[in-house]
Amino acid sequence: MVNMPAAADGLEALGLLLRQAAIAGVRRRALLLHAERLPRTAGRQHHLRLARAALTGLAHADRAQLFDLPRGRLAVVWRDRGEALNAGGELGRAMQSLKRLLTDIPDGQGPMLGELVSIYELPDQAAWLQDVLADAGQDPPPALAGPLAPLDTPVLARLELSLAQADLAAFARWRPVYRLAGAGQPVMPPVLAWEERYFALADVGAGLCPHHALTADPWLHLRLTRTLDRRMLALLGGTGELNGIGGLGLHMNVASLLSNGFLRLDEKIPAGLRGSVVLSLQAADVLADGAAFAFARNFVRGRGYRLMLAGASAALLAVLDVAAAGFDYVQTSLREAPPRLPQGVQLVVAGIERQGDLDHARVLGANFVAGPGVAARPIAPPTEPAPPRHALA
Amino acid sequence: MLLDAARRALAAPRGRLAIVLHLSRLKAPRSYHGRIARPVLEQAATRLSGTVYARSNGDMLLLCQEPAAVEAALQPAALVQELALLFGTDPTDIGFISVWHLGQEATGFRTYLDEPAFAPPILPGLAEDVAPAQTAAIAEWLKSSQRIPVPDLLGQQTAVVLHAGRDVPIGSRLSPLFREFVMHLPGGAAGMDPWLERHVAATLDERLIAHLQHDLEEGGRLTRASVHAGLAIHINLALPSIASPGFGRLTHAARAAGARLGVEISIVEALADMTMLEYVAGLLRHAGFAFVLEGLDEASLGFARLGSLGADVIKLDWSQGLVQPPGARRRAVEAQLQAIGLDRVLLQRADTADAVGWGQANGINRYQGNFLDSVQGATRMFHCHTASLCTLKQCVARGAAAGTPGRAGCSNPALLDLPPEAPPGADTVRGAHTLDPPAPRQPAAPVPGIRW
């Protein structure tokens, strides 16, 4: 995360970003915290600190930038891939924290949550936000000793050391991915296809590095994922982790697929199951070392694993030939879904939050969907028995 | 151990089979090749009741009995196929994988064993170590680099156009294209974790931009010669740095100084945030700066369609893998070069005559690399009245340094910054690298979701 140091600079920088967003159509989401609406009581400084702390989770969001503004206002701008709005997402958690803050203020003295916080969709609402900022006044910003700090290399080095020794099993989670009925078939409820095994990064951060945002700097975040990859491979290689497992999804770095840790895991996965293991890679990782990617791809596909390109967008797919690169799946969000994919490549739409999203994903031709909006649905058609927790894809 | 086993096999060759994976013959060997290939061979060894040996040059040898059963007899061929797929090579490339049925053809195996086992240098790249010490070392370097003046952190290299003309010496066929300033990352970028590398580069951007702005405003030594010669100055920046207020100030300084700037964006950076890429590409275009994508390698040419991104120049990394890749890959390379447009391709890291020769054979005439740096150094020495005090290697190294410490010992440092003179009648470089509106070019095919 980029943390702007002074209010005047923060206002200028945010103004510049808004103008850029308006001109270029860069899609971001912005949250403005109207700290000046907090009551001027003895506890004001405490409330300001709590309000800033409440935004800690948002600082974990993709490409998050925090702006200190005049009159104690704070703004966070981030790239929302659709997950942040979830109840369990960064924004959802931030709002819960702010609600708790407001309950600490005596009745009638504090603002409503909607008065304290405004959320803007950029670039569409950039002009609105600029109007509000123009009214920001020139009061000196209150001195805040906030907990938000961008991850830097010294902290990352210490975190990597902690991660090497910590038991991360408590941070490991499952995230289901569901198969949709094919085009031309009757609309059926989604069926569990595979489950992604991942570490809940926000929880890892809260547990091991509570004062730093782990994903705000995209490159240090990716570096961190290499350490997490290694721990995930070790975790999956542990006793009982793979018992009864069916479809499995793993987000990996290319370097991790070529590591001894992956070779050890490969030995433990039965040959017949490898076709149900989906390995996800980022586009930047694919292009960072094309030769290494090509070798890793040949290796894992030769062993029978499936490859998925994660975080894809229509613009990305215009420059990355996923079929030629050897991907079986492309994972994207509803907003970024491409108009079509090459034959043989299947579409996974993540971030499904409600029935409308699911319907939209069907219209887009999604083969698979993921998100809390799907989890709430019955996962098997009534004529078939419910699949086991780790069903084969 | 290998030699003992081989000797025993050759003493009783009947029914014995030797399969050799010649990793030492790889054009671009990497440390993971052996690590991944070994279990593949070992699994085959288990099926064939054989043993895998490693030679000191990295080659791997599977010695086993000839399979007797019909289905087992297919396994050696299946193994060859599997290895060929793994390495993306042609299964008929017998130079890379050898199969000797020792009962019938022991001579080839004997000759192979008699050859000296020279291990090729393993290429750096794809840092495999994720030790915290590595991150800590980077943190320490970033801290200490704050005390180093920006020019001392920089290297410079002049990209050139190599004009045709068989009878003209190569030094007289070079036109300068632009001068690139590159931050020297700790230990070189090679072998560093790619993500740490990006972080370090982005961290240093702010200082680079500020220094360049100041240098342009003051007519400083770093940019003076390039501005005077009308040579474009290229720098590598992260996307957020191009959208920063500092870059806006640099733009003004460049305009005021009459400097031509080009900004090089790593492909990794570009694909990590394509929305931002779209925006900064527009900024660069509006400012009249060249937009360069750098970091394309041979393997990525097979699936990256970068021609549609509207870059003025796309830098292709030279590697030995470009020389006669397997048929399908060769066709993909050729098709991609054509799709990008050869007038937009620059071959970088062209450090050898072979690299430049490959480029010329494939219609590329823009280069950056040590080979042509040496040619420029030799030309420089020809014109230098104190050349007798230096070696060519020293002159080339000093010409590659932007800071004063790297030029120590040169009696004629002004000559180090002079670009090569364009040969008479040589075409000027079109389009990019000018503050004037670029010459109209055929618009790239529209890209869904991208507005230029």
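Predicted model: local features only at pLDDT ≥ 70, side-chain atom pairs only at ≥ 80, totals over all residues.
A few ground rules come first: local features need pLDDT of at least 70, side-chain atom pairs count only at pLDDT 80 or more, and totals for chains, interfaces and linings use all residues. Residues are numbered from 1 along each chain as its sequence is written, chains are lettered from A and ligands numbered from 1 in the order in which they are written, and side-chain values use heavy atoms, with hydrogens and water left out.

Chain A comes with 16 helices and 13 strands, taken as DSSP runs (helices H or I, at least four residues; strands E, at least two) and numbered from the N terminus. Of its 393 residues, 58% are buried, meaning under 20% relative accessible area with a 1.4 Å probe, protein chains only. Among chain A contacts (heavy atoms within 4.5 Å) with a separation of 6 or more, 68% join residues 24 or more positions apart.

Eight strands of chain A, in the order β6-β7-β8-β9-β10-β11-β12-β13, form a closed barrel with mixed pairing; strands pair if DSSP finds at least two bridges between them. One of the pairings joins β9 (residues 277–282) to β10 (residues 306–312) of chain A, parallel and over five bridges. There, A:Gln282 has A:Ala310 of β10(A) as its bridge partner.

Helix α8(A) lies across β6 (172–179), β7 (191–199), β8 (248–251) and β9 of chain A, at about 115° to β7(A). Angles run from 0 to 180 degrees between N-to-C directions, and axes are lines fitted to C-alpha atoms, for helices over the stretch in contact. Helix α8 (residues 218–236) of chain A also packs with α6 (residues 153–165) of chain A, at about 10° and with axes 10 Å apart. The two therefore count as roughly parallel, the term for angles under 35 degrees. Residues in this contact include A:Leu156, A:Leu159 and A:Leu163 of α6(A), along with A:Leu220, A:Leu224 and A:Leu228 of α8(A). By class, the contact of α6(A) with α8(A) has seven nonpolar, three polar and three charged residues. Here Ala, Val, Leu, Ile, Met, Phe, Trp, Tyr, Cys and Pro count as nonpolar, Asp, Glu, Lys and Arg as charged, and the others, Gly among them, as polar.

Another packing links the chains: α12 (residues 290–303) of chain A and α2 (residues 31–48) of chain B sit at about 15°, axes 11 Å apart. That makes α12(A) roughly parallel to α2(B). On the α12(A) side are A:Ala291, A:Ala292, A:Phe295, A:Phe299 and A:Arg303, which meet B:Tyr32, B:His33, B:Ile36 and B:Gln43 of α2(B). Six nonpolar, two polar and one charged residues make up this contact.

Definitions and conventions:
Parallel < 35°, antiparallel > 145°, perpendicular 65-115°, else oblique. Buried < 20%, exposed > 50% of the residue type's maximum accessible area, 1.4 Å probe, protein only.
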